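Subject: Structure handover and what was found in it

Dear colleague,

I am passing on to you the structure shown below, and I would ask you to keep it open while you read the notes that follow.

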Amino acid sequence: MPKPIYVLNGPNLNLLGKRQPEIYGHETLADVERDCVALARELGHGIRFLQSNWEGQIVDWIHEARDQGSGVVINPAALTHTSVAVLDALNAFEGPVIEVHISNVHKRESFRRHSYVSLRADGVIAGLGTEGYRLALRRVASLLAAAG
Ligand code: DQA
């Protein structure tokens, strides 16, 4: 069985669909998970889809992915803009990493324009809604295929 792609979600994304729907839309995280599982299957991959409000838990899952994961799709949410710990953990992960933001962080408050995670990410998707997760999965799959 090939190693799964880790799809990691940071703080407050458990409220997706209920929280600021004018910014983040009406889909829930369970909807996003269902679509990601279906697409991953089509692409011939498994996924481990996870969410936590705790920075240390996200760091621990990135560590787990070092041995048990093939790639990482991450929406670090607010940790994007604050967390050197998440960046350091991703720097210790060797596979492809794509950063996703549902909203266009460049069109919002200026503090959202800086991302620690972008210093490591192989690509960044912002403002494409929850479709960004599926595009990120496709990109991780193609990077894994290219790496053989
Ligand atoms: C977000 C953007 C972040 O600035 C914010 O803190 C989030 C969600 C997005 O998906 O658009 O919680 O990562």
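A salt bridge is taken here as a side-chain nitrogen of Lys or Arg that lies within 4 Å of a carboxyl oxygen of Asp or Glu. Please keep in mind throughout that this is a predicted model.

By that rule, the count of salt bridges comes to seven. One of them is formed by the side chains of Asp31 and Arg34, with 3.4 Å from N to O. Both of these residues belong to helix H2, where they are three residues apart, or about one turn of the helix. Asp31 counts as partly exposed because its relative accessibility is 21%, and Arg34, at 49% relative accessibility, also counts as partly exposed.

Another salt bridge links the side chains of Arg48 and Glu64, with an N to O value of 2.8 Å. Here Arg48 sits in strand S2 (residues 47-51) and Glu64 in helix H3 (residues 55-68), so this pair ties together parts that are 16 residues apart in sequence. Arg48 has a relative accessible area of 31% and is therefore partly exposed, while Glu64, with a relative accessible area of 21%, is likewise partly exposed. As for salt bridges that share partners, they join Asp31, Arg34, Asp35 and Arg134 into one network.

The other finding concerns the packing of two helices. In general, two packed helices are described by the angle between their axes and by the distance between those axes. In this model, helix H2 (residues 29-43) packs with helix H5 (residues 131-147) at an angle of about 30°, and their axes are 10 Å apart. Angles under 35 degrees count as roughly parallel, and H2 and H5 are therefore roughly parallel to each other. Their crossing is right-handed.

Which residues of H2 meet which residues of H5? On the H2 side they are Leu29, Val32, Asp35, Cys36, Leu39, Glu42 and Leu43, and on the H5 side they are Tyr133, Arg134, Leu137, Arg138 and Ala141. The residues of this contact between H2 and H5 divide into eight nonpolar and four charged, with no polar ones.

Key. Residues numbered from 1 in each chain as written. Predicted model: local features only at pLDDT ≥ 70, side-chain atom pairs only at ≥ 80, totals over all residues. Heavy atoms only, no water. Axes fitted to C-alpha atoms, helices over the stretch in contact; angles between N-to-C directions. Helix = DSSP H or I, 4+ residues; strand = E, 2+ residues; numbered from the N terminus. Parallel < 35°, antiparallel > 145°, perpendicular 65-115°, else oblique. Left-handed = near helix turned anticlockwise from the far one by under 90°. Contact = heavy atoms within 4.5 Å. Nonpolar A, V, L, I, M, F, W, Y, C, P; charged D, E, K, R; others polar. Buried < 20%, exposed > 50% of the residue type's maximum accessible area, 1.4 Å probe, protein only.
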